[in-house]
Amino acid sequence: MRLVFAGTPMAAVPTLRRLAAEHDVAAVVTRPDAPLGRRRVLTPSPVAQVAEELGLPIIKAARLDDEATAAVTALHAELGVIVAYGGLVREPLLSAPAHGWINLHFSLLPQWRGAAPVQRALIAGDAELGASVFQLVPALDAGDVFAMRVVDVAEDATADAALETLAVDGAQLTAEVVAAIADGTARAIPQTGEPTLAPKLRLEDGLLDWHQPVEQVFARFRGVTPEPGAHTTIDGVRVKVLEASPSTEDPREPGEIAATKNALLFGTATRPLAVTRVQPAGKGAMSAVDWWRGQRAPEGLRAGA
């Protein structure tokens, strides 16, 4: 089948590789090069890098405007496949391919429609994560679903690790749907249930609330790691929490900090959260215990203050 693929981040790469091996990918649409690192060097997206490696034509577009629409329409693709491209597909491009567009979304629709489904699901403490492939329609992530799958993700996985697992399983799921569309056996069914929304995370979404139970604090840590990053404030300094896990130590007052040999224990409404690696504002990542030892009068400091 002749396809056009749209995607940008690393999470879209497994699907691109799988479809390129099985179908005729006429072109790959991705976001323009973006400045990365301290030097802000313009760098192609992960999808662009893989497309170049595979020798596929690349269309770089910040949004699917008239120019991009004309370029994609001229490809005469039978199907469009989109995975985390970062922009909306509108008419007339939505109807340009004979079979329209399908979207791989990293949630069990209609749960977590939007830009940050994995992160929001982790923050909410969802028992199950998964992936859905659906027919793209003008409404946000509301199209009929071709296939859906619950994916096993490690119980302590942060958002990046969870997304890496989901991306691999999602690539398989998408390949199955594309094959079914190609042979005429694909069937999509309407979404059922009450939708929940997953808007893009903001910096403030990473603030840890030590007055919550440790399970909720850890769930938020997982959902906002690595971006926008879990953080707290200590002695007026914003400190990013890079590595953490629930502790079995005795309860402490919310925000109270105690050092052990290998971790800092942060008190919550229940058991402490053990933090092993931090990044204070303006500094590099370091051992939490080493950073704590370097503080002036650490015994008087509390998180959230």
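User: How much space lies in the largest cavity?
Analyst: About 50 Å³. A cavity is a set of points on a 1 Å grid over the protein atoms alone where a 1.4 Å probe fits but cannot get out, and its volume is the space filled by probe spheres on points joined across faces, edges and corners. This is a predicted model, where local features need pLDDT of at least 70, side-chain atom pairs need 80 or more, and totals for chains, interfaces and linings use all residues. Residues are numbered from 1 along each chain as its sequence is written, and side-chain values use heavy atoms, without hydrogens or water.

User: How many cavities of 30 Å³ or more does the structure hold?
Analyst: One.

User: What lines the largest one?
Analyst: The lining (residues with an atom within 4 Å of a point) consists of F106, S107, L108, Q111, W112, V118, A121, D126, E128, L129, G130 and L166. Helix α4 (117–123) and strand β8 each supply at least two of the lining residues. Helices are DSSP runs of H or I with at least four residues, strands are E runs of at least two, and both are numbered from the N terminus.

User: How do those lining residues divide by type?
Analyst: Seven are nonpolar, three polar and two charged. Asp, Glu, Lys and Arg count as charged, Ala, Val, Leu, Ile, Met, Phe, Trp, Tyr, Cys and Pro as nonpolar, and the others, Gly among them, as polar.

User: Where is A124?
Analyst: In the loop that runs between α4 and β8. A124 counts as partly exposed because its relative accessibility is 47%; buried means under 20%, exposed over 50%, and partly exposed in between (1.4 Å probe, protein chains only). In space, the C-alpha of A124 is 7.0 Å from that of A219, although 95 residues separate the two in sequence.

User: Switching to T15: buried or exposed?
Analyst: T15 is buried, because its relative accessibility is 0%. T15 sits in helix α1, which spans residues 13–22.

User: What does T15 touch?
Analyst: Leaving out residues up to four places away in sequence, T15 is in contact (heavy atoms within 4.5 Å) with F5, V83, L104, A167, G170, A171 and T174.

User: And the sheet, what's the strand order?
Analyst: The order is β5-β2-β1-β6-β7-β8-β9, an open sheet of seven strands with mixed pairing. Pairing needs at least two DSSP bridges between two strands.

User: Which strands stand at the edges?
Analyst: β5 (58–60) and β9 (145–151); each has a single partner strand, so one side of each lacks a neighbour in the sheet.

User: How do β6 and β7 pair?
Analyst: β6 (residues 79–83) and β7 (residues 101–105) run in the parallel sense, with three bridges. G80 has W101 in β7 as its bridge partner.

Methods: On a 1 Å grid over the protein atoms alone, a cavity is a set of points where a 1.4 Å probe fits but cannot get out, and a pocket is an open set with protein on both sides within 12 Å along at least five of seven lines; lining residues have an atom within 4 Å of a point.
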